[in-house]
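This briefing sets out the main features of the structure shown below.

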Amino acid sequence: MSPHATPGTIVLVALKTITLILGGMITYFSYKAYRRSGARPLWYLAVGFGIVTAGTFLAGAIDQAIRFSLFGVNVPFFGGNVDNQTVADFALAIESALTATGFAVIVYSLYSE
């Protein structure tokens, strides 16, 4: 993290870290329950929470890495110079896509037999 991080950035990183820890715990305990019971829906539950947690981690990592390492650098993938809004939009799109996918898997786990 940049030595010039704003209080908002520090709070965001702290909240993402808490989300990562809690999501990892839910994923772990769901997987542990699956191993104990052999119930396939618990496997899907673990996978769904794992995807949601990975989305949170990936979005935060992309946001921090690009914002503080490549800010102002010409990045062809983004079509030119990177600004804060472009980075935030990209990270949010990735997080939203993985969250939606993870929740779809979780819903499937609740209705599967």
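The side chains of K16 and E95 form a salt bridge, with an N to O distance of 2.7 Å. Because K16 belongs to helix α1 and E95 to helix α3, the pair ties together parts that lie 79 residues apart in sequence. The model is a predicted one, and a search of the whole structure finds 1 salt bridge. E95 has a relative accessibility of 17% and therefore counts as buried, the cut-off being under 20%.

**Overall architecture**

- The protein chain contains 3 helices and 2 strands, and their order along the sequence is α-α-β-β-α.
- Helix α1 covers residues 7–37, while helix α3 covers residues 84–111.
- Of the 113 residues in the protein chain, 30% count as buried.
- The accessible surface of the protein chain amounts to about 7,200 Å², and carbon and sulfur atoms account for 70% of it.
- Among contacts in the protein chain with a separation of 6 or more, 57% are between residues 24 or more positions apart.

**Confidence of the prediction**

- The mean pLDDT of the protein chain is 83, and 81% of the residues score at least 70.
- Among the elements of the protein chain, α1 has the highest mean pLDDT, at 92. The lowest mean, 54, belongs to strand β1, which consists of residues 74–75.

**Annotated transmembrane regions**

- An unreviewed UniProt entry lists residues 6–30, 42–62 and 90–111 under "transmembrane region".
- In the model, the span of residues 6–30 is 96% helix and 0% strand, and its end C-alpha atoms lie 36 Å apart.
- Residues 90–111 are 100% helix and 0% strand, with 32 Å between the end C-alpha atoms.

**Helix α1 and its surface**

- A nonpolar patch on the surface is formed by V11, L15, I18, I21, L22, M25, Y28 and F29, which together have about 790 Å² of accessible area.
- One of these patch residues, I18, lies in helix α1. Its relative accessible area is 46%, so I18 is classed as partly exposed.
- T19 is also placed in helix α1. With a relative accessible area of 39%, T19 is partly exposed.
- T19 and V52 are separated by 33 residues in sequence, and their C-alpha atoms are 9.8 Å apart in space.

**Helix α3 and the segment after it**

- S109 is located in helix α3. Its relative accessible area is 6%, which means that S109 is buried.
- Once its neighbours within four places in sequence are set aside, S109 is in contact with P41, Y44 and L45.
- E113 is found in the segment after α3. This residue is exposed, with a relative accessible area of 92%.
- P41, one of the contacts of S109, also lies 6.7 Å from E113, C-alpha to C-alpha, although 72 residues separate P41 and E113 in sequence.

How values were computed: Residues numbered from 1 in each chain as written. Predicted model: local features only at pLDDT ≥ 70, side-chain atom pairs only at ≥ 80, totals over all residues. Heavy atoms only, no water. Patch = residues over 30% accessible without salt bridge, like charges linked within 9 Å, V, L, I, M, F, W, Y side chains within 5 Å. Areas by Shrake-Rupley, 256 points an atom, 1.4 Å probe, with all protein chains shown as cover. Salt bridge = Lys/Arg side-chain N within 4 Å of Asp/Glu carboxyl O. Helix = DSSP H or I, 4+ residues; strand = E, 2+ residues; numbered from the N terminus. Buried < 20%, exposed > 50% of the residue type's maximum accessible area, 1.4 Å probe, protein only. UniProt positions renumbered as here; feature names shortened; annotations may be inferred. pLDDT = per-residue confidence, 0-100. Contact = heavy atoms within 4.5 Å.
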